[in-house]
Amino acid sequence: MTIEWAWISDHAGDLTTLTLSHLQAALTAVLLGLLISLPLAVLAHRVRPLRGFLLGLSNVLFTIPSIAVFVLLLPVSGLTRTTTVIGLTIYTLVVLLRNTVEGLDSVPAKAREAAIAMGTRPLRTLLTVELPLALPVIMAGVRIATVMSISLVSVATYIGDGGLGQLFTDGFQRNFPTPVVVGVVLTLLLALVADALLVAVQYVLTPWTRQRHPKSGKA
């Protein structure tokens with residue numbers, strides 16, 4: 001397999017456009033997934049009978065093949081970026097909802113009780129105590145959802161979108177491996193960079209998780 005390096009330099013502008021389009025679709029889906037999953041997770045955490053229903057529903061949605069989801073959405077939103085984003089958002093909900101619920105479950109009861117004893121209202125307790133303490137688990141879900149979305153955007157090529165996935169289609173149709181290899185490499189780089197940035201964000205937002213090891217000294 002031979003890589004045509006001249007093709008890469010000649011199409012640098014197109015590759016940049018496709019990469020940005022790919023990233024936009026993935027990040028939009030993750031953001032929408034967060035906005036939807038956070039209130040649902042709080043509801044599932046507070047109202048136990050709803051917990052099994054919401055988590056079960058998200059699991060059922062996850063079993064639907066991605067191509068089938070996009071096809072089912074076509075009569076509603078057509079061959080548009082909206083179809084791509086809605087489909088990806090559905091898949092992010094599975095990870096984000098479950099991780100947010102588990103994160104809230106992991107908050108020590110004593111932390112909540114201390115907040116209540118200080119007269120803190122339930123909403124403020126959620127925002128200033130529960131969610132911050134649940135953040136490490138939530139961020140783990142965000143990282144998984146982001147990488148998953150970046151990988152799934154390419155599937156939307158079948159409905160005329162797909163970002164870097166268009167390189168796969170182009171390469172296969174012309175029996176030209178260079179676009180395929182470039183698409184794979186750029187997709188992997190996007191996933192790695194996005195994950196690294198999210199790790200840095202989590203590090204900044206959760207200073208209490210950093211353990212300080214006392215320096216050993218001679219007596």
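Modeller: A residue is termed buried when its relative accessible area is under 20%. By that criterion, buried residues make up 40% of the 219 residues in the chain. Please bear in mind that this is a predicted model.

Biologist: Why is T187 called buried?

Modeller: The relative accessible area of T187 is 12%, and the cut-off for a buried residue is under 20%. T187 is therefore classed as buried.

Biologist: Where does T187 lie, and which residues does T187 touch beyond four places in sequence?

Modeller: T187 belongs to helix α9, which covers residues 177-205. Contact requires heavy atoms within 4.5 Å, and with residues up to four places away left out, T187 touches H22, I150, L164 and F168. N175 is 12 residues from T187 along the chain, and their C-alpha atoms are separated by 20 Å.

Biologist: What makes up the secondary structure of the chain?

Modeller: The chain has 9 helices and 0 strands. In sequence order the pattern reads α-α-α-α-α-α-α-α-α.

Biologist: Why is the chain called more spread out than a compact globule?

Modeller: For 219 residues the globule rule gives 17 Å, whereas the radius of gyration of the chain is 21 Å; the value is well over the rule, so the chain is described as more spread out than a compact globule. Along the principal axes, the C-alpha trace spans about 70 × 60 × 25 Å.

Biologist: What share of the contacts with a separation of 6 or more joins residues 24 or more positions apart?

Modeller: That share is 76% in this chain.

Biologist: What can be said of the surface and the charges?

Modeller: The accessible surface comes to about 12,600 Å², and carbon and sulfur atoms contribute 69% of that area. There are 15 positive and 10 negative side chains, with 19 Å between the centres of the two sets.

Biologist: Which features does UniProt list, and how much helix do the regions hold?

Modeller: An unreviewed UniProt entry places "domain: ABC transmembrane type-1" at residues 19-198. Over residues 19-198 the chain is 84% helix and 0% strand, with the end C-alpha atoms 19 Å apart. The unreviewed entry also lists "transmembrane region" segments, including residues 52-73 and 133-160. Residues 52-73 are 86% helix, with end C-alpha atoms 26 Å apart. For residues 133-160 the helix content is 71%, and the end C-alpha atoms are 42 Å apart.

Notes. Residues numbered from 1 in each chain as written. Predicted model: local features only at pLDDT ≥ 70, side-chain atom pairs only at ≥ 80, totals over all residues. Heavy atoms only, no water. Helix = DSSP H or I, 4+ residues; strand = E, 2+ residues; numbered from the N terminus. Rg over C-alpha atoms; globule rule 2.2 N^0.38 Å. Buried < 20%, exposed > 50% of the residue type's maximum accessible area, 1.4 Å probe, protein only. Areas by Shrake-Rupley, 256 points an atom, 1.4 Å probe, with all protein chains shown as cover. Lys, Arg positive; Asp, Glu negative; His and termini not counted. Charge placed at Lys NZ, Arg CZ, Asp CG, Glu CD. UniProt positions renumbered as here; feature names shortened; annotations may be inferred.
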